Amino acid sequence: MTMLDTHTDSPPRAPAMDRIDRKIIHELQRDCSISIAQLADRVGLSQTPCWKRIQRLEQSGVITGRVALVDPGRIGLGLTVFVEIEAPDHSPAWRAHFVETVTGLPEVVGVWRMAGDVDYLLKVVMPDMPSFDRFYQRLTEATAPRNVTSKFAMERMKDTTVHPVNTTDP
């Protein structure tokens with residue numbers, strides 16, 4: 001599931017979660033490869049209730065997937081670019097075409113619709129500057145944006161998928 005797949009007209013309702021649910025989420029965000037036995041021990045449950053809670057969290061959409069995190073530089077993707085897009089118009093047709101285009105580009109690893117000076121923010125990873133130039137040409141030819149601003153990351157200091165979860169309150 002991509003971030004764009006979760007769009008609705010109103011924010012999704014958070015399912016009721018207690019402290020143990022939040023502990024499970026916290027632990028799985030840190031390392032989803034731990035065994036059910038280890039997880040159950042860390043959150044203070046036996047294995048079967050722990051597994052049932054994980055299944056419920058998946059079915060309710062809280063847990064959307066389990067993945068291996070990869071260092072982009074070690075797989076030849078040493079360039080990270082944040083691309084700001086200003087839409088030429090805000091018609092439903094242009095938005096639908098834009099979403100279809102950017103979600104089909106494998107170099108795009110994140111897309112956000114923004115409030116403020118820019119309409120969309122893309123996180124793009126690729127091997128080098130010539131690769132980015134080819135990507136830029138494909139993107140601008142396909143979407144015809146009003147303006148594009150690219151910001152090149154020089155150093156990654158923190159980049160995490162772990163969301164802060166309150167594991168202490170009831």
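Modeller: Helices (H or I, at least four residues) and strands (E, at least two) are DSSP runs, numbered from the N terminus. With that convention, Arg53 is found in helix 3, residues 47-59. The model is predicted, so local features need pLDDT of at least 70 and side-chain atom pairs count only at pLDDT 80 or more, while totals for chains, interfaces and linings use all residues. Residues are numbered from 1 along each chain as its sequence is written, and side-chain values use heavy atoms, leaving out hydrogens and water.

Arg53 has a relative accessible area of 18% and is therefore buried (buried means under 20% relative accessible area, exposed over 50%, and partly exposed in between, with a 1.4 Å probe and protein chains only). Not counting residues up to four places away in sequence, Arg53 touches Asp18, Ile20, Asp21, Ile24 and Leu45, where contact means heavy atoms within 4.5 Å. Of these, Ile24 is 29 residues from Arg53 in sequence, with 8.3 Å between their C-alpha atoms. A network of salt bridges links Arg53 with Asp18, Asp21 and Arg56; a salt bridge is a side-chain nitrogen of Lys or Arg within 4 Å of a carboxyl oxygen of Asp or Glu.

The surrounding region also has a record. UniProt, in an unreviewed entry, lists residues 17-78 as "domain: HTH asnC-type"; its positions are given in the numbering used here, feature names are shortened, and annotations may be inferred rather than shown by experiment. Over residues 17-78 the chain is 53% helix and 0% strand, with 39 Å between the end C-alpha atoms.

Helix 1, residues 19-30, holds Arg22. Arg22 is buried but has no salt bridge, and Asp169, the nearest side chain of opposite charge, is 5.9 Å away (Lys and Arg count as positive, Asp and Glu as negative, and His and the chain ends are not counted). A polar atom of the Arg22 side chain lies 3.2 Å from the backbone oxygen of Pro170. Glu27 and Arg30, both in helix 1, are three residues apart, about one turn of the helix. They form a salt bridge, with the closest N and O atoms 3.1 Å apart. Glu27 is buried at 11% relative accessible area, whereas Arg30 is exposed at 53%.

A search of the whole structure finds twelve salt bridges. One of them joins the side chains of Glu107 and Arg138 at 2.7 Å, N to O. Because Glu107 lies in the loop between helix 4 and strand 2 and Arg138 in helix 5, the pair ties together parts that are 31 residues apart in sequence. Glu107 is buried, at 18% relative accessibility, while Arg138 is partly exposed, at 36%.

The nonpolar residues complete the picture. A nonpolar core is a set of buried Ala, Val, Leu, Ile, Met, Phe, Trp, Tyr and Cys residues joined through side-chain atoms within 4.5 Å. The largest has 19 residues, of which Val83, Ile85, Leu122, Phe135 and Leu139 touch the most other members. Strand 1 (79-86), helix 4 (92-103), strand 2 (108-113), strand 3 (120-126) and helix 5 (129-143) each give two or more residues to this core. Apart from that core lies another, of twelve residues, including Ile25, Val43, Ile54 and Leu57.

Key: Polar contact = N/O pair within 3.5 Å; in protein donor to acceptor, adjacent residues only side chain to side chain.
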